[in-house]
Amino acid sequence: MAPAAEGEAAAAGAVECRLESAHDLAVLLAALQLREREQREQRVHCEASGRGLKFMAQSNAKDVAVLGWMFSNAFREYRYTGGQEELHLRLPVAPLLSCLQILSDRAVMTLRYPSGPSDELRFTLEEDGATTECRLRTLVLEEAPAPIGSFFAPGDPLSMFRPAQAEAWHLALSEFAEFDAPDVVLRITLRAAAAPSEPAVVLCAQTLASDAEVELPRAALEDLELAPEAAASGEATHCYQLAGVLASCLRAAKDAKAVKVRFNSEGVMSNQFILRGRGQRDLFCEALVSPLAESRGAARGTTGGAAPDNTPAKRKPYAAGESLGF
């Protein structure tokens, strides 16, 4: 990059960081891959700032979003400079993961942007005297994309459960992998279970050929809370496209060491994950899944035949403080 061009890019924003293990960034990016068949072309939004790095992936239909955070204290070294408070990039996921996995998960990673011509992102991996360098072309956004609205503002009624063992949620979702198709509906019911053996969370899906049901007893949950309306009736059911739930949650659930699942009054489901990393700091990821229309109507208590109100509420942008609720 010519000195003037490089100085102009740096004035807009520049980030340089060093991570103890490239594995940590690879795990977080892998959780943002939404569909197997779209992985080669998928790009994620990366927001760099003095707070650290934030990543976001969204489905084409905007009904599924996955967010990931690596705060500045997760890095051995982290520096953000520039005239703008935030720098917004579009990163190709598949080439980026290929770079991060060239060496083993013990490799130390250094990231720098901008570096070289055409706004390149440079990765350097070091392990046992071996050094590998990768350069990726990126797309710089002149302004931030439209923020995701806040779904879980403080004080909003919500239902929530937290498995005592994180792998229980992964195993439950895995039972529906063979049902993965665009028209299959996943129903999730939360019940006010009193006895340890009573089912507190019930998942079910059905196709023309077969069906499946998975129950999580109250004893398998560390926490269980029902919103006031659900507690009064004894249960609440929400419906989702199974494909969207699996695409956004299954990979993160596999690598999670802690999971919390929340449902707001509209039926929006939040899967919060603390991912296993090699460093001393935790990695955070959240998958947001919009409910089907019938679930939104049920959540509002509408009567049969009444169309649910789809007018979006005015909410502030969704912030990490609301998402990281462990």
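**Entry 1: cysteines.** I looked up Cys134 and found its sulfur 3.1 Å from the closest cysteine sulfur, in Cys99, which is too far for a bond. The criterion I applied takes a disulfide to be a pair of cysteine sulfur atoms within 2.5 Å. By this rule I count 0 disulfides. Cys249 is in no disulfide either, the nearest cysteine sulfur being that of Cys285, 8.6 Å away.

I note that the model is predicted: local features need pLDDT of at least 70, side-chain atom pairs count only at pLDDT 80 or more, and totals for chains, interfaces and linings use all residues. Residues are numbered from 1 along each chain as its sequence is written, and side-chain values use heavy atoms, with hydrogens and water left out.

**Entry 2: accessibility of the cysteines.** Cys134 counts as buried at 9% relative accessibility. Cys249 is buried as well, with a relative accessible area of 0%.

**Entry 3: helices.** Helices (H or I, at least four residues) and strands (E, at least two) are taken as DSSP runs, numbered from the N terminus. In helix α2 (residues 22–31) I found 10 of the 10 residues buried, so the helix is largely enclosed by the rest of the structure. Among these buried residues are His23, Asp24 and Leu25.

For helix α4 (residues 167–174), the buried residues are Ala168, Trp169, His170, Ala172 and Leu173. I then asked what they pack against, with contact meaning heavy atoms within 4.5 Å. The partners are the strands β11 (158–163), β13 (199–206), β14 (211–217), β17 (256–264) and β18 (269–275), together with helix α6 (242–254).

**Entry 4: a sheet.** I traced an open sheet of 5 strands in the order β5-β1-β7-β8-β9, with antiparallel pairing. Strands β5 (77–81) and β9 (130–137) stand at the edges with a single partner strand each, so one side of each has no neighbour in the sheet. Two strands are called paired if DSSP finds at least two bridges between them. Strand β1 (residues 14–19) meets strand β7 (residues 108–113) in the antiparallel sense over 5 bridges. Within that pair, I found Met109 of β7 to be the bridge partner of Leu19.

**Entry 5: Trp69.** I located Trp69 in strand β4 (residues 64–71). Trp69 counts as buried at 4% relative accessibility. Its C-alpha lies 5.4 Å from that of Phe284, although Trp69 and Phe284 are 215 residues apart in sequence.

Terms used:
Buried means under 20% relative accessible area, exposed over 50%, partly exposed in between (1.4 Å probe, protein chains only).
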